Amino acid sequence: MTLGESKREDNLAQSHDLPEIVKRVRAQTPARLLAGRSGAAYRTNTQLELRAAHAVARDAVRAELNLSIDLGEEFMRKWNLFEVCSKAASKDEYLLRPDLGRRLDPASRAEVTQRCTRGNDLQVVVGDGLSVTAVATQIPRLLPLLCEGASARGWSQGAIFVIRYCRVGILNDIGEILSPTVAILLIGERPGLATAESLSAYMAYRPTTANTDANRNLISNIHARGVSAEQATQRILNLAAAMMKSHKSGCQLREEPVVVPSAGLDGS
């Protein structure tokens with residue numbers, strides 16, 4: 001299709017107003033619903049958007065964590081952040097060997113043991129995961145809110161650190177080394193074609209090496225068009241409080257829903 005044909009196609013698409021119900025449906029989600037078509041294919045603009053989103057997702061996965069750039073030196077100093085690493089020695093090894101991303105390397109274990117106190121109510125850890133972009137975008141807003149909320153509840157908090165080449169299972173190592181009541185891992189989610197800026201919060205009550213995914217709770221889709229930093233903070237704190245009260249997490253603990261008023265498709 002030539003550029004002229006593409007413009008004519010877009011003009012044609014814009015000349016027909018969408019029904020109000022379609023507009024409302026599309027406003028509810030970043031997914032490309034009811035985007036229209038040209039024959040059996042996407043419209044040119046939609047196809048180009050998909051290719052651009054795919055490129056952004058690939059970049060987010062392959063990006064290397066650089067704390068001074070991604071979070072900023074001032075932010076690092078304010079929160080006394082330091083960096084450790086999993087047993088994965090490179091990005092390629094991290095992607096090919098998920099098991100290595102679930103354990104700290106010996107030098108990192110020693111540093112965490114030396115610099116962190118044990119037995120705190122809350123231990124927050126940041127992991128690059130599969131999206132450095134998500135960490136760079138969400139952590140500067142979420143982390144201060146989370147720490148302030150925990151302080152307001154009178155909880156003791158361990159020193160916060162960042163893990164390079166991190167997988168969710170590293171929560172077990174954190175539990176074994178630091179023995180917190182609740183461990184929280186803020187980690188970049190696998191990017192999709194809607195956003196590469198989505199962060200997840202994995203949580204566990206007194207995690208040990210025997211823990212599996214069944215022992216963890218998850219709050220996902222933390223980003224501008226999903227769960228806001230404010231909403232995520234409230235959910236994380238409420239869930240941590242429930243873990244401390246019930247002495248359990250994962251499939252044994254159900255997160256109480258937070259009712260957020262919103263307009264329905266009928267405008268109500």
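# A first look at this predicted protein model

Gln-138 is buried, with a relative accessible area of 8%, where buried means under 20% relative accessible area, exposed over 50% and partly exposed in between, using a 1.4 Å probe and protein chains only. Welcome to the structure that holds this residue. This is a predicted model, in which local features need pLDDT of at least 70, side-chain atom pairs count only at pLDDT 80 or more, and totals for chains, interfaces and linings use all residues. Residues are numbered from 1 along each chain as its sequence is written, and side-chain values use heavy atoms, with hydrogens and water left out.

**The whole protein**

- The protein has nine helices and six strands; these are DSSP runs numbered from the N terminus, with helices (H or I) of at least four residues and strands (E) of at least two.
- Of its 268 residues, 44% count as buried.
- Among contacts in the protein with a separation of 6 or more, 71% are accounted for by residues 24 or more positions apart; contact means heavy atoms within 4.5 Å.

**Gln-138 and its neighbours**

- Gln-138 lies in helix H7.
- Leaving aside residues up to four places away in sequence, Gln-138 touches Glu-197, Leu-199, Ile-222, His-223 and Ala-224.

**Where H7 meets H9**

- Helix H7 (residues 132–152) packs with helix H9 (residues 229–246) at an angle of about 35°, and their axes are 9 Å apart.
- Here axes are lines fitted to C-alpha atoms, for helices over the stretch in contact, and angles run from 0 to 180 degrees between N-to-C directions.
- On the H7 side, the contact is made by Arg-141, Leu-142, Leu-145, Leu-146, Gly-149 and Ala-150, and on the H9 side by Ala-229, Glu-230, Ala-232, Thr-233, Ile-236 and Leu-237.
- The residues of this contact divide into eight nonpolar, two polar and two charged; Ala, Val, Leu, Ile, Met, Phe, Trp, Tyr, Cys and Pro count as nonpolar, Asp, Glu, Lys and Arg as charged, and the others, Gly among them, as polar.

**The kinked helix H4**

- Helix H4 (residues 67–79) has a kink of about 65° centred on Glu-73, the bend at a residue being the angle between axes fitted to the seven residues ending there and the seven starting there.
- Between its end C-alpha atoms H4 spans only 12 Å, while a straight helix of 13 residues would span 18 Å at 1.5 Å a residue; the expected span is 1.5 Å times one less than the number of residues.
- The buried residues in H4 are Leu-67, Asp-70, Leu-71, Gly-72, Phe-75, Met-76 and Trp-79, and what covers them includes strand S1 (82–85), H7 and strand S3 (161–164).

**Positive phi values**

- Most residues other than glycine have a negative phi.
- Asn-80, which follows H4, has a positive phi near 50°.
- Asn-221 lies in strand S6 (residues 216–222), has a positive phi near 60°, and counts as partly exposed at 40% relative accessibility.
- His-247, in the segment after H9, has a positive phi of about 60° and is exposed, with a relative accessible area of 54%.

- Asp-59 lies in helix H3 (residues 44–62) and counts as exposed at 55% relative accessibility.
- The C-alpha atoms of Asp-59 and Thr-133 are separated by 8.6 Å, although the two are 74 residues apart along the chain.
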